[in-house]
Amino acid sequence: IMDMLERDIPVVASYYILNKFDESNYLMLYSCDNEKNNMKEYQGISSHYFNITGILKKYEGNKYVKYLKISSWGNEFYVKYDKWYNKLSYFTNILC
C-alpha cells in the first residue's frame, strides 16, 4: 500500500463479509476531529469499495494504532488497518 501511495498509484480496496447480519464483523468507518485529532465512529460497513489515500499512526491507550485514510462517498474517513487486514480474502482485497 505504501509503495503504491508513494508512487501516486490509486489504491482501490474492498471489504466484504458473508454474514451481513453479524455486525461484530462490520468494518467501522471513523471521522477525525481535526482540532483534537480524535477518532469518532461514523458507520459500520459490511461490503464496500473505497480508495486508500494515506496511512495514519495514532497513539491510543498504551500502543500505536494504524489507520487507513480512505475516500468514500466523496468524504474522508479512517478504518483500522488491523481489522481490514485480518479479513483479507478473495472478496476483501486491494485491486492493482
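I began with E76, which I find partly exposed at 43% relative accessibility (buried means under 20% relative accessible area, exposed over 50% and partly exposed in between, with a 1.4 Å probe and protein chains only). E76 forms a salt bridge with K69, the closest N and O atoms being 3.4 Å apart, where the term stands for a side-chain nitrogen of Lys or Arg within 4 Å of a carboxyl oxygen of Asp or Glu. K69 is likewise listed as partly exposed, at 27%.

I note that this is a predicted model, in which local features need pLDDT of at least 70 and side-chain atom pairs count only at pLDDT 80 or more, while totals for chains, interfaces and linings use all residues. Residues are numbered from 1 along each chain as its sequence is written, and side-chain values use heavy atoms, with hydrogens and water left out.

I then searched the whole structure for salt bridges and found two. One of them joins D3 to R7, with 3.0 Å between the closest N and O atoms; D3 is partly exposed at 44%, and R7 is exposed at 53%.

Next I looked up aromatic pairs, and the search of the whole structure gave eight (rings of Phe, Tyr and Trp, the last by its six-membered ring, pair if their centres lie within 6.5 Å; planes under 30 degrees apart count as stacked, over 60 as edge-to-face and the rest as tilted). Y42 is partly exposed at 47%, whereas F77 is buried at 4%.

I also recorded Y81 and W84 as a tilted pair, 6.3 Å centre to centre with 50° between the planes. Y81 and W84 lie three residues apart in helix α2 (residues 81-85), and therefore about one helical turn separates them. Y81 is buried at 17%, and W84 is buried at 1%.

Which charged end sits over the ring of Y81? I found that of K66, 4.9 Å from the ring centre (the criterion asks for NZ of Lys or CZ of Arg within 6 Å of the ring centre and within 35 degrees of the ring normal).

Key: Helices (H or I, at least four residues) and strands (E, at least two) are DSSP runs, numbered from the N terminus.
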